[in-house]
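Please open the model in your viewer and keep the selection panel at hand. The stops below go from the arrangement of the chains to single elements within one of them.

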Amino acid sequence: MFLKNSWYVAAWSRELGDTPLARTLLDQPVVMYRAGNGAVVALEDRCCHRHLPLSMGAVVGDDLQCGYHGLKFDASGVCVEVPGQSSVPPGAMVRSYPVVEKFHWVWIWMGDPDKADEALIPDWWWADHPDWASARPGPLYIKCNYRLIADNVMDVSHLNYVHKSSIGSLATHEFPVVTEREDGKIRMTRWIYDRPPPPMYRKAGNFAGNVDRWQIAEHIPPCFSTNEAGCAEIGHGHEDRETGGGMKIFALSAPTPETGRTTHYFFAFVRCFGLDDPELDQMFQVGMVDVFREDVAILEAQQAMMEFKPGANQIDINVDAAPIAARQMLDGMIAAEQAGRGNRGG
Amino acid sequence: MFLKNSWYVAAWSRELGDTPLARTLLDQPVVMYRAGNGAVVALEDRCCHRHLPLSMGAVVGDDLQCGYHGLKFDASGVCVEVPGQSSVPPGAMVRSYPVVEKFHWVWIWMGDPDKADEALIPDWWWADHPDWASARPGPLYIKCNYRLIADNVMDVSHLNYVHKSSIGSLATHEFPVVTEREDGKIRMTRWIYDRPPPPMYRKAGNFAGNVDRWQIAEHIPPCFSTNEAGCAEIGHGHEDRETGGGMKIFALSAPTPETGRTTHYFFAFVRCFGLDDPELDQMFQVGMVDVFREDVAILEAQQAMMEFKPGANQIDINVDAAPIAARQMLDGMIAAEQAGRGNRGG
Amino acid sequence: MFLKNSWYVAAWSRELGDTPLARTLLDQPVVMYRAGNGAVVALEDRCCHRHLPLSMGAVVGDDLQCGYHGLKFDASGVCVEVPGQSSVPPGAMVRSYPVVEKFHWVWIWMGDPDKADEALIPDWWWADHPDWASARPGPLYIKCNYRLIADNVMDVSHLNYVHKSSIGSLATHEFPVVTEREDGKIRMTRWIYDRPPPPMYRKAGNFAGNVDRWQIAEHIPPCFSTNEAGCAEIGHGHEDRETGGGMKIFALSAPTPETGRTTHYFFAFVRCFGLDDPELDQMFQVGMVDVFREDVAILEAQQAMMEFKPGANQIDINVDAAPIAARQMLDGMIAAEQAGRGNRGG
């Protein structure tokens with residue numbers, strides 16, 4: 001059961017051109033392409049005639065032509081031509097999906113098109129701002145439910161175990177975590193005062209001694225998380241964070257369900273320092289993907305075990321507070337949607 | 001739900017010898033071999049003792065011996081020997097299937113053996129006649145329901161799209177198609193008058209200018225189709241076709257269901273011209289198989305999509321008339337068989 | 001439906017060390033390791049927190065630490081530490097299984113721990129006695145139900161067919177088989193008098209002419225079989241067998257169900273002659289595994305056919321007496337266990 005009235009990341013902008021791209025999203029087969037005018041089109045990837053994926057066909061001008069019998073569909077999904085006959089049968093159309101290109105991603109609306117409001121896309125403005133550098137690795141295909149990924153990114157306690165050989169040093173258990181619920185958002189905050197900076201910060205920030213650090217994860221259902229990691233001179237953490245000072249990194253996380261058990265994991269890293277540092281570029285573009293692959297092994301094993309022993313008991317621990325809050329918020333939204341009580345945007 | 005009281009192609013004659021051949025047909029495991037006298041035997045491929053496929057055993061004289069405990073079965077499926085004991089337990093037998101070798105194929109009857117009448121095999125006499133050359137490529141294994149193949153061969157409109165780089169030039173939308181229902185047969189006919197011949201005909205027939213052409217597909221349920229393509233001097237098409245003149249090719253199509261979602265696709269090409277032309281041999285033996293592989297990609301994607309979205313709506317277009325008529329005729333025959341109202345032959 | 005209150009072989013002793021070993025047994029995910037003191041520990045291979053297989057974690061002292069959030073479990077399965085918090089939530093534990101190391105195998109008790117009595121392990125003392133040489137090949141993973149393996153080892157009539165190119169010469173149909181039921185045991189006995197010894201015996205025993213031979217298979221449910229093959233001077237067979245004379249080989253067979261359709265097949269060969277003969281070592285360590293692989297092909301084909309045609313009829317023959325008796329005894333034990341009427345040991 002997915003939340004349908006929501007934007008989801010469907011692709012990186014760079015993935016789309018005049019060759020159709022097939023991608024299953026929320027159990028729906030979708031085909032995407034750029035029309036002749038450059039606009040992204042997203043259609044149901046199943047010809048309404050004899051079920052061939054339209055992605056096996058060809059883009060012709062602004063239209064998509066089926067590779068079996070040549071039926072042509074326009075950007076709205078309406079069949080506009082059936083070769084060998086003068087008229088198009090009534091009802092010959094496929095579903096079309098609202099799409100928006102923003103922050104270098106293609107966002108798709110999988111629910112009621114009338115509710116597709118661009119303002120509902122998370123405001124990840126750093127991803128498209130000249131004062132911030134971005135790393136945009138390709139999506140990871142993960143054989144797990146997307147919620148396991150949200151659990152993972154809302155919990156920084158696993159760093160010591162899953163990532164002990166890579167970024168485990170970023171973890172700390174000695175400072176408490178605070179979980180807050182806001183309207184449509186979950187926030188997990190940890191402040192670390194007067195401690196040594198991790199090597200990357202030390203080098204980039206020229207810190208001589210200890211620093212103040214913060215780890216702040218925010219989650220907007222159904223699947224959007226930001227992990228902010230920052231540091232500043234001792235005693236200046238809170239102030240700097242407010243005023244945009246200090247050194248900050250955001251990991252932007254947008255896992256899109258392919259099915260209930262597989263996910264297209266889109267993510268990016270943005271930073272406000274060392275914009276032209278190729279070593280940092282390399283670290284975020286390549287090194288952090290290797291770190292995420294450590295999570296992939298965990299997530300897929302978790303999913304496999306949950307499928308092997310469905311409904312098995314589980315106990316909760318303190319660090320689950322934020323992930324549990326995020327799940328509860330999403331459950332409520334899905335229940336409301338199923339009950340026809342509108343959506344986040346309505 | 002298959003039509004059981006019908007012949008199906010089970011193998012090429014050349015595939016059978018004294019080594020057992022295992023092949024699942026209509027969801028039934030079948031083993032075939034040649035007895036000592038050369039006759040083809042087809043038995044249930046499951047020992048009645050402990051379920052081992054008999055195809056893992058050995059042909060001993062006219063019998064087939066199980067590879068586990070050595071039980072021997074004769075051509076009628078009766079167990080005639082159990083090693084280590086003097087008598088055979090009552091009921092020790094496996095099912096045997098009527099078979100006929102004809103047109104270089106082994107035909108098997110999967111239903112009531114009493115209804116197995118050799119006269120019900122389609123009269124594809126060209127496949128075995130000295131005035132006709134035959135190409136007999138090995139069967140293609142296709143992961144789709146056999147009816148999708150029948151749809152495909154009864155529809156020549158897909159040539160422009162699926163085969164646009166190979167035989168797409170044979171297609172034409174400007175001449176109408178006529179669909180006829182006869183007793184036990186569907187015919188789709190298109191006549192093309194005064195048009196240039198495709199290159200193969202031009203060369204083989206020494207045509208200087210335009211020709212008359214015809215494309216005639218005939219379907220006999222459950223799965224037998226012929227695609228006749230011919231051409232003759234302008235104004236002589238109909239006459240030549242009647243009298244056996246002109247140049248004619250038949251594609252013989254016999255897709256045999258393995259299961260409801262997989263098919264052993266047997267097919268052959270026969271022609272009445274250029275009998276000794278090795279270039280034509282090559283074209284039909286190799287080139288046309290490559291053309292069929294273009295269909296395989298379509299058919300398997302179609303099947304996969306129909307499994308992913310079972311029961312999805314579909315709309316029909318004009319060129320579906322013949323395939324739909326063929327499906328309706330088969331549906332009626334299956335319903336009659338299920339209701340015990342006899343079969344095509346009874 | 002498995003018999004739960006029984007020992008099963010879970011691993012070779014040599015397979016276990018300080019790296020966790022994952023193995024599914026009777027449909028249960030199990031992780032095994034050696035604690036710091038060398039004792040084998042077997043736990044449920046699923047963290048009670050978020051379902052990660054504990055086998056992806058690490059052995060820390062006597063405990064096993066989850067690789068996701070660092071929860072530590074002791075040898076009894078109790079969670080003894082949750083990083084980042086001072087107390088362990090109530091109910092935080094995983095199942096632990098009784099284990100015993102014996103005969104170079106790790107035996108696990110999958111049922112009620114209170115009934116786990118070491119005395120119920122089959123007395124295969126030869127496997128650990130200085131007068132006997134042992135070959136201990138790695139387990140074979142077989143895609144079949146474990147009972148098919150028990151059928152196979154309790155039936156020596158298949159040698160002529162499955163193993164005709166290897167040990168088929170050991171078979172003989174001319175001497176009768178006697179099947180006996182004892183309390184908790186099935187025995188199949190065949191005595192062969194005054195016949196030539198198989199080559200291995202002739203050479204190792206320096207026999208000039210014929211010998212007396214015996215083939216005795218014993219089965220203890222749910223899955224323990226011994227195949228004794230012996231030979232002695234003519235007229236001394238029975239006496240030698242009683243007094244421990246003659247030449248004897250035991251094949252010890254302990255197929256442990258992974259699932260209802262897959263099996264970890266543990267087996268060993270012990271002999272009381274040629275203890276230092278490297279040729280015999282090679283024969284049992286390598287050659288006999290190749291012989292068993294001939295069975296694997298049969299067993300997996302049998303299983304596949306039984307899944308393809310579930311519930312198909314089967315007929316029995318004389319050599320099935322012992323396997324059928326073994327199945328009946330096990331069926332009775334499982335029924336009793338399900339009905340709560342105790343177990344073999346109670």
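Predicted model: local features only at pLDDT ≥ 70, side-chain atom pairs only at ≥ 80, totals over all residues.

## Chains and their axis

Now select chain B together with chain A, and superpose the former on the latter by a rotation of 120° with 0.0 Å of shift along its axis, which gives an RMSD of 0.1 Å. The C-alpha of chain B nearest that axis belongs to Glu307(B), at 13 Å.

## Where chain C touches chain A

Return to chains C and A and display the residues at their contact, where 20 residues of chain C are in contact with 21 residues of chain A. If you colour the chain C side of this contact by residue class, you will find ten nonpolar, eight polar and two charged residues.

## Two helices of chain B

Next, hide the other chains and select residues 146-153 of chain B, which form helix α1, along with residues 278-308 of chain B, which form helix α5. How do these helices lie against each other, at what angle and how far apart are their axes? The angle between α1(B) and α5(B) is about 130°, and their axes are 10 Å apart. Since angles from 65 to 115 degrees would count as roughly perpendicular and those over 145 as roughly antiparallel, α1(B) and α5(B) are therefore oblique to each other. The crossing in which α1(B) passes α5(B) is right-handed.

Show side chains at this crossing: from α1(B) select Leu148(B), Ile149(B) and Asn152(B), which meet Asp295(B), Leu299(B), Gln302(B) and Gln303(B) of α5(B). Sorted by class, the residues of this contact comprise three nonpolar, three polar and one charged.

## A sheet in chain B

For the last stop, stay in chain B and select its strands β5, β6, β7 and β8, which form an open sheet in that order with antiparallel pairing. Strands β5 (58-60) and β8 (79-81) of chain B stand at the edges, and each has a single partner strand, so one side of each is left without a neighbour in the sheet. Zoom in on β5(B) and on β6 (residues 63-65) of chain B, which run antiparallel and are joined by three bridges.

Methods: Residues numbered from 1 in each chain as written. Chains lettered and ligands numbered in written order. Axes fitted to C-alpha atoms, helices over the stretch in contact; angles between N-to-C directions. Helix = DSSP H or I, 4+ residues; strand = E, 2+ residues; numbered from the N terminus. Parallel < 35°, antiparallel > 145°, perpendicular 65-115°, else oblique. Left-handed = near helix turned anticlockwise from the far one by under 90°. Contact = placed C-beta atoms within 7 Å. Nonpolar A, V, L, I, M, F, W, Y, C, P; charged D, E, K, R; others polar. Pairing = 2+ DSSP bridges. Least-squares fit on C-alpha atoms with pLDDT ≥ 70 in both.
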